[in-house]
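I opened this notebook to record what I looked up in the structure, residue by residue and element by element. The entries follow the order in which I made the checks.

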Amino acid sequence: AVGEDIQPAASWADAVISRADHFLHAFESAEPDLNRVMAELEEFRALGRALPSVWPAEGKLTSGFGWRRNPFGRTWKFHSGIDIAGKRGTPIYSPARGTVATISYNSGYGRMLEIDHGFGIKSIYAHCNSIRVREGDVVKRGDLVATIGNTGRSTGPHLHFELRLDGHPVDPMDYLPRE
């Protein structure tokens, strides 16, 4: 009876070894594809971290993206971002991970900064009262980057927030969470 028990165990062990060999061979042949899929998945995750997923400031949305009457000349003009009105000094946060690309002042946008989020995604923050980062700083989603102001050509304290993909303005509302 003892010899009869050994035979089924040996054939079971042979079957397990055969299945393991088959699995290892299948894995070896699929490994390059799995590595490619894992690299694409990691790039997709990085893209998700680069897209805005939180509002840059608290306040009231006072102007949307697209054609509108220019508040200074009353002619129609394209508005390349959204305006969020708030009190001077209200914090402005980075809505996604990125690197502070430029900090500057110009007559229209006033005190402003631009964050490069990678993948051709950049965000612009205009009319700032103060800038709290430096060029080259790496920021995370939710980091304080500036405060709302009334600099440049502005009708009152607000944040003009732009989102650009490959240099072209896109509607930030397509990416920001709905509240």
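**Entry 1: the surroundings of Ser123.** I note at the outset that this is a predicted model. I began with Ser123 and listed its contacts, setting aside residues up to four places away in sequence: Leu113, Glu114, Ile115, His117, Phe161, Glu162 and Leu163. I located Ser123 in strand S8, residues 121-126. Is Ser123 buried or exposed? I found a relative accessible area of 0%, so Ser123 is buried. I then looked for a polar partner and found that the side chains of Ser123 and His117 make a polar contact at 2.6 Å.

**Entry 2: the nonpolar core.** I next turned to the largest nonpolar core, which has 19 residues. The residues with the most contacts inside this core are Ile82, Ile92, Leu113, Ile115, Tyr125, Val145 and Leu159. Which elements give two or more residues to the core? I recorded strand S4 (82-85), strand S7 (110-118), strand S11 (144-148) and strand S12 (158-165). The largest share, 3 residues, comes from S11.

Apart from neighbours within four places in sequence, Leu159 is in contact with Pro56, Ala57, Ile82, Asp83, Ile84, Ile92, Tyr125, Ala126 and Ile148.

**Entry 3: an open sheet.** I traced a sheet of 3 strands, open and antiparallel in its pairing, in the order S5-S11-S9. Strand S5 (91-93) and strand S9 (128-131) each have a single partner strand and stand at the edges, so one side of each is left without a neighbour in the sheet. On average, and ignoring direction, neighbouring strands here are turned by 35° against each other. How many bridges join S5 to S11? I counted 3, with the two strands running antiparallel. Within this region, I noted that Pro91 stands opposite Thr147 in S11.

**Entry 4: aromatic rings.** My search for ring pairs gave 3 aromatic pairs. Because Trp67 lies in strand S2 and Phe78 in strand S3, the pair ties together parts 11 residues apart in sequence.

Phe65 is partly exposed at 27% relative accessible area, and Phe78 is partly exposed at 36%. Trp67, at 62%, is exposed.

**Entry 5: Asp171.** I placed Asp171 in the segment after strand S13 (168-170). Which residues are in contact with Asp171, leaving aside neighbours within four places in sequence? I found Phe65 and Ile82. A polar atom of the Asp171 side chain lies 2.9 Å from the backbone nitrogen of Met173. Finally, I compared Asp171 with Ser29: they are 142 residues apart in sequence and 45 Å apart in space, C-alpha to C-alpha.

Note on methods
Residues numbered from 1 in each chain as written. Predicted model: local features only at pLDDT ≥ 70, side-chain atom pairs only at ≥ 80, totals over all residues. Heavy atoms only, no water. Phe/Tyr/Trp six-rings, centres within 6.5 Å; stacked < 30°, edge-to-face > 60°. Buried < 20%, exposed > 50% of the residue type's maximum accessible area, 1.4 Å probe, protein only. Helix = DSSP H or I, 4+ residues; strand = E, 2+ residues; numbered from the N terminus. Core = buried A, V, L, I, M, F, W, Y, C linked by side-chain atoms within 4.5 Å. Contact = heavy atoms within 4.5 Å. Pairing = 2+ DSSP bridges. Axes fitted to C-alpha atoms, helices over the stretch in contact; angles between N-to-C directions. Polar contact = N/O pair within 3.5 Å; in protein donor to acceptor, adjacent residues only side chain to side chain.
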